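Please keep the sequence and the coordinates at hand while following the text.

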Amino acid sequence: MEFEIRTLKPGPEPKITGPKVFGVRPGHPVLFAVSATGEKPLSFAAEGLPPGLTLDAQAGRFSGTLSERGEYPITLSTKNACGESKRSFKFVVGDRIALTPPLGWNSWNCFAEDVDEAKIRAAATAMAESGLADHGWSTINIDDCWQVRHPDPGRDAEGNILTNDKFPDMKALAEFIHSLGLKAGIYSSPGPLTCAGFAGSYGYEERDAARYAEWGYDYLKYDWCSYTEIAKDKSLAEYKKPYEVMRAALDKVDRDIVYSLCQYGRADVWEWGGGVGGNCWRTTGDIVDTWESMSTIGFSQNGKERHAGPGHWNDPDMMVVGQVGWGPSLHPTRLTPDEQYTHITLWSLLAAPLLIGCDMTRLDDFTVSLLTNDEVLDINQDPLGRQARRMSADGDMEVWMKELEDRSQAIGLFNRGSSPAEVAAEFKGRRMVRDVWRQQNLGPFDDGYKTAVAPHGAELIRVSNPE
Ligand code: GAL
């Protein structure tokens, strides 16, 4: 298949990437690693670091705690044989975490029930060694199927959740993931069973939250499924209840755990997901690797933007680029390269959690290029935390716009049709236009910008005021 790699390979000079802000609760361990590209070895430093925090100069990892609420601006720097680069950064200590959308990987879209500990370790190793972690990718999430299968009670005599033979030691697994500078995620359901029929958390929420913390997990996906049997009616209160119960349990542990609600968008979860303490919530059913599935989900997010912001994100589901397949046999995504540009462009504009769904040990150059474009990732991770909205739709041509912290705008030009088309974005007066994927300035344009867009394809520009 013919395809165009748009992303430039990183140069040898040091460059800091990834989020520019990190939220942590008072007194909870700070788990944050600076990401940077450039020739290794790199060394790291931070100016203005508040007492309580230290930075490992070789690994670029922070550790410690901050007990006073407030904002702590610092300057990060990284050096190598070719030079030095700096970036402003901020720790925010308060009730909110996930101040930028989670950036990570999840096991479901490739392995589903075929998952095991070795595959999770391999994914974490690949995240670190493939260079993806250098661009800010940071979380390795185990999805369903680590628990004991029903009808076994799935718990010991004290009620502690048990793992199946494929996951002999969840604590050691989290430690391994952390040793690579990454964070670890786990999965459960509020009902008695998970979606794949393993033991869920119903009636054991506090015990489970405590276990996740003791094991060292940093992210929980909490998936409705068999709670349908428990919910007495279809009232809003019944939809919220299981998520409130787990929220209260998570609030009792002394660790920050990003809380990802999964109930497929029922009862307009975007209206109340933040209110029940979710950091993100699935807005749709499960994605598959077809144009129809991906584009229907992605382009239907318009209108939900007012519910997204730092600490609370709409989640249009995990990404379907690379080798996917829901286990045991994988195949290259059925999305064409242009459709994959649409997928990553749209999810980035939507400030969606970006969760890679493919086999991390079999990344090809094209997939790596889609996932390592720092200017695209910066749009997703922009600290203002706005989600794009649709500015115009003209037949198959759509223009979506995301406001950014520096007062520029990211604009996606999409062609949902099956023949080439010109797509136009309008703006007022003279603006500077940059091609984000190709990282090139296109020059000043007056009152708008128009370009050819491939069938099912996308272009992404950043528009700013002239200096
Ligand atoms: C589905 C969920 C998927 C995956 C699966 C596991 O309900 O939407 O993302 O987690 O359950 O069984």
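In helix α2, the buried residues are E117, I120, A123, A124, A126 and M127; buried denotes a relative accessible area under 20%, exposed over 50% and partly exposed in between, with a 1.4 Å probe and protein chains only. The model is a predicted one, in which local features need pLDDT of at least 70 and side-chain atom pairs count only at pLDDT 80 or more, while totals for chains, interfaces and linings use all residues. Residues are numbered from 1 along each chain as its sequence is written, and side-chain values use heavy atoms, with hydrogens and water left out. Helices (H or I, at least four residues) and strands (E, at least two) are DSSP runs, numbered from the N terminus.

Helix α2 covers residues 117–129, which makes 13 residues. From its first C-alpha to its last it reaches 18 Å, close to the 18 Å expected at 1.5 Å a residue; the expected span is 1.5 Å times one less than the number of residues. An α-helix has 3.6 residues a turn, so residues three or four places apart point the same way. The cover over the buried residues of α2 includes β10 (103–106), β11 (139–141) and α3 (170–179), where contact means heavy atoms within 4.5 Å. Just after α2, G131 takes a positive phi of about 95 degrees.

G216 follows α4 and has a positive phi, near 100 degrees.

The aromatic residues come next. Rings of Phe, Tyr and Trp (its six-membered ring) pair if their centres lie within 6.5 Å; planes under 30 degrees apart count as stacked, over 60 as edge-to-face and the rest as tilted. By this rule there are 21 aromatic pairs. In one of them, the ring centres of F89 and F91 are 5.1 Å apart and the planes stand at 75 degrees, so the pair is edge-to-face. Both F89 and F91 are buried. Elsewhere, ring pairs link Y202, Y222, W224, Y227, Y239, Y243 and Y259 into a cluster.

Charges also sit over rings, a term that requires NZ of Lys or CZ of Arg within 6 Å of the ring centre and within 35 degrees of the ring normal. The charged end of R6 is placed over the ring of Y341, 3.8 Å from its centre. R121 lies over the face of F176, at 4.6 Å from the ring centre.

Which strands make up the open sheet of three strands? The order is β3-β7-β6, with antiparallel pairing; two strands pair if DSSP finds at least two bridges between them. The edge strands are β3 and β6, each of which pairs on one side only. Two bridges connect β3 (residues 32–33) with β7 (residues 61–64), and F32 has F62 in β7 as its bridge partner. Four bridges join β6 (residues 53–56) to β7, with D56 opposite R61. β6 and β7 form a hairpin with four residues between them, and G60 in the turn has a positive phi of about 75 degrees.

V276 lies between β14 (258–262) and β15 (280–282) and counts as buried because its relative accessibility is 5%. Leaving aside neighbours within four places in sequence, V276 is in contact with K240, Y243, E244, R247, Y259 and L261. D317, in the loop between β16 (313–315) and β17 (323–324), is buried, with a relative accessible area of 2%. Not counting residues up to four places away in sequence, D317 touches R282, T284, G285, D286, I287 and W347.

The peptide bond from K40 to P41 is cis, with omega near 0 degrees, and the bond from G327 to P328 is cis with omega near -10 degrees. D447, in strand β24 (residues 440–453), has a positive phi near 65 degrees although it is a residue other than glycine.
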